[in-house]
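Biologist: I would like to learn how to read aromatic pairs in a model. Please take me through them.

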Amino acid sequence: MPMDSWFRRAVLHLAEQERVKSMFRKYGMRMGVQRFVAAESLEGVLEKVKELNRQGLAVTLDYLGESVEEPALADEAASQIMQMLRQIHDLQLEAHVSVKLSQLGCSMDPAVSAKHMERIAAAAKYYRNFVRMDMEDSTLTEATLGLFEKLVKRFGANHIGTVIQAYLYRSPDDLIRLEQYAANVRIVKGAYKESANVAYPSKQDVDSQYVSLVKAHLDGGYYTAVATHDPKIIDLVTAYVEEHHIPRNQFEFQMLYGIASQLQLQLVKRGYRVRVYTPFGKQWYPYFTRRIAERPANLLFVLKGLLRK
C-alpha cells in the first residue's frame, strides 16, 4: 500500500476510537482545530468572511455537520443554511454556500433531504447566489448526482453546482454525465476512507485523473472550481489555461481555510479568482480528522498544539 494511502487510513481509523474522540471533544478549538475551522458560530464566521473578502478572496461557507439521523437536526441545519444565504445577501459578502446531503437527513430519508435541498436552492436563486452540493463518501455519490440533476433543471447552473472526486474510478463518466447541464463543478481529489474497489489507492493515479478531469471540464467550456493546494498542479493548470486561451472568468481556484494561505494571496495578486472553503460550527470533528488525514504536516501542527496544553 502506498505511504500516502497508509497514512490516511491510519489517521481515519485512529479518529474513530472513542478515547481519541473524547480527548478532542474535551479540548475542542484549543487543540489546533481553529486553524481549520473558522468559528463555532455564524456571527463569528461572518467576521472571518469579511476579513477574507478584504484580502480579495471569495468564500464558500460550510456549516459543519453530517450523518444526521434525527429530523429536528436536519431541520436545524437547513434553517442555518437559509440564514447563511440571507446574511450573505444582507451584508453584501462575496460568498456562497456548500451543503452536504447527509447533514439534511439523506441517510435517514432521501425525501427529507430532497425537500430541504429544494428550499435551499430556491433561496440561492432568490438571493441571486449559489449553493454547491458537496460530495461525501461513495455510498452517497449517486444520490447526490441524481438530486443535483433534478434541481439544476429547475434552478439552473448559475445557482446550483456539485463536486466530482478524482479518486473514484467512476468520476470521468460522471463528469461527462454532468456536461448536458453545463454544470458548475468543483473538482477535488477526495478525502474519505474508500475501498480500492471504488477508488484509486495511489496518490499518483489520483493526481493524474484529477488533472485529466480539470482539463476536460475546462475544454468543454464549463465553469470549473479547481480545488487543490498542490503547487505543481496549480502551475500546470495556469499554464494550460494560458496556452488554450481559457478565460479567467471560466474557472477559479479553491482552497481550504487555514491551508496554503500565502499561496491563495499570491494567486489573487496574479489576477486569478480564489475561493476559500470556510467551515464553521460545533460539529467539526469529522471535518477536522479528514484534514489531518490528508497531510502529515497538518498532524504535526496539531501535535504542537497538544504540547502547549
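**Reading ring pairs**

Modeller: Phe251 has a relative accessibility of 1% and therefore counts as buried; buried means under 20% relative accessible area, exposed over 50%, and partly exposed in between, with a 1.4 Å probe and protein chains only. This is a predicted model, in which local features need pLDDT of at least 70 and side-chain atom pairs count only at pLDDT 80 or more, while totals for chains, interfaces and linings use all residues. Residues are numbered from 1 along each chain as its sequence is written, and side-chain values use heavy atoms, leaving out hydrogens and water.

Biologist: Is Tyr272 buried or exposed?

Modeller: Tyr272 is buried, at a relative accessible area of 6%.

Biologist: How is a pair of aromatic rings described?

Modeller: By the distance of the centres and the angle of the planes. Rings of Phe, Tyr and Trp (its six-membered ring) pair if their centres lie within 6.5 Å; planes under 30 degrees apart count as stacked, over 60 as edge-to-face and the rest as tilted. A search of the whole structure finds 6 such pairs. One of them is edge-to-face: Tyr169 and Tyr200, 4.7 Å centre to centre with 90 degrees between the planes. These two residues are 31 residues apart in the chain.

Biologist: Which class does the pair of Phe251 and Tyr272 fall into?

Modeller: The ring centres of Phe251 and Tyr272 are 6.1 Å apart and the planes are at 45 degrees, so this pair is tilted. Phe251 and Tyr272 are 21 residues apart, and the pair links distant parts of the chain. Ring pairs also join Phe251, Phe253 and Tyr272 into a cluster.

Methods. Helices (H or I, at least four residues) and strands (E, at least two) are DSSP runs, numbered from the N terminus.
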